[in-house]
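Subject: Structure for your review

Dear colleague,

Please find the structure below, followed by an account of what was found in it. I would be grateful if you could read the two side by side.

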Amino acid sequence: MSIRYALLGIISKKPVTGYDVVTIFKQKMIYFWSSTHSQIYKELHKMEEEDLITHQLVIQGTSPNKKVYSLTDQGKKDLIRWAIEEPLKPAKIKDEFLIKTTIFPILSEEEINQLLDEVIEREHSILAKTKEWKEHFHSQGDSDIGTILTVEYGIRYSEMYLEWCKWAKQMIQDKA
């Protein structure tokens with residue numbers, strides 16, 4: 001999937017600024033997509049040139065002006081075509097920690113446990129923030145099925161990662 005369809009999906013829900021898109025990536029799409037600020041703005045520009053989105057310039061007086069992006073009819077058609085017609089590719093896991101696990105044989109048990117504890121701390125934090133966001137989302141009365149499903153995926157992913165780390169620590173202890 002290219003960043004294009006992630007952006008079109010975000011913009012299809014409601015008009016948003018580039019800043020909003022960056023925030024959504026950081027807060028809501030952490031489990032299945034990531035992108036940099038520059039990649040997002042570059043793609044927004046391309047999509048506008050291709051008439052997939054348009055923007056309205058909002059003058060803010062003392063604050064910098066902002067562009068509020070919305071989906072065009074062509075953008076909606078392209079997004080639907082992609083969702084329905086493009087074949088799904090196998091999911092890819094890009095996890096730096098899993099690369100680190102490949103060198104565990106040359107690390108001490110203490111070093112391995114330290115790395116696992118760092119991941120556990122990170123995942124506890126992500127899990128707490130995701131649950132907090134879920135509660136906020138529900139308190140707003142929003143019933144966007146896509147958001148409900150992806151938030152639940154994020155919660156279950158963090159719980160699985162935490163369970164795996166605990167299992168790994170126990171397995172390493174048992175082998176010692």
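The largest nonpolar core of this predicted model contains 20 residues, and those with the most contacts inside it are Leu-7, Phe-25, Ile-40, Leu-44 and Met-47. A nonpolar core here is a set of buried Ala, Val, Leu, Ile, Met, Phe, Trp, Tyr and Cys residues joined through side-chain atoms within 4.5 Å. Buried denotes under 20% relative accessible area, exposed over 50%, and partly exposed in between, with a 1.4 Å probe and protein chains only. At least two residues of this core are supplied by each of helix H1 (3-13), helix H2 (18-28) and helix H3 (37-49). H1 gives the largest share, 7 residues. A second, separate core has 17 residues, including Leu-116, Ile-120, Phe-137 and Ile-172. In soluble globular proteins, nonpolar side chains tend to be buried together.

Helix H1 also holds Leu-8, which counts as buried because its relative accessibility is 0%. Leaving aside residues up to four places away in sequence, Leu-8 touches Met-47, Leu-52, Ile-53, Leu-71, Gly-75, Asp-78 and Leu-79; a contact means heavy atoms within 4.5 Å. Leu-8 and Thr-72 are 64 residues apart in sequence, and their C-alpha atoms are 9.8 Å apart in space.

Turning to the protein as a whole, there are 7 helices and 3 strands, in the order α-β-α-α-β-β-α-α-α-α from the N terminus. Helices (H or I, at least four residues) and strands (E, at least two) are DSSP runs, numbered from the N terminus. The radius of gyration is 20 Å, well over the 16 Å that the globule rule gives for 176 residues, so the protein is more spread out than a compact globule. That radius is taken over C-alpha atoms, and the rule is 2.2 Å times the number of residues to the power 0.38. Along the principal axes, the C-alpha atoms fill a box of roughly 60 × 35 × 30 Å.

Of the 176 residues in the protein, 31% are buried. Among contacts between residues at least 6 apart in sequence, 60% join residues at least 24 apart.

As to conventions, residues are numbered from 1 along each chain as its sequence is written, and side-chain values use heavy atoms, with hydrogens and water left out. Because the model is predicted, local features need pLDDT of at least 70 and side-chain atom pairs count only at pLDDT 80 or more, whereas totals for chains, interfaces and linings use all residues.

Yours sincerely
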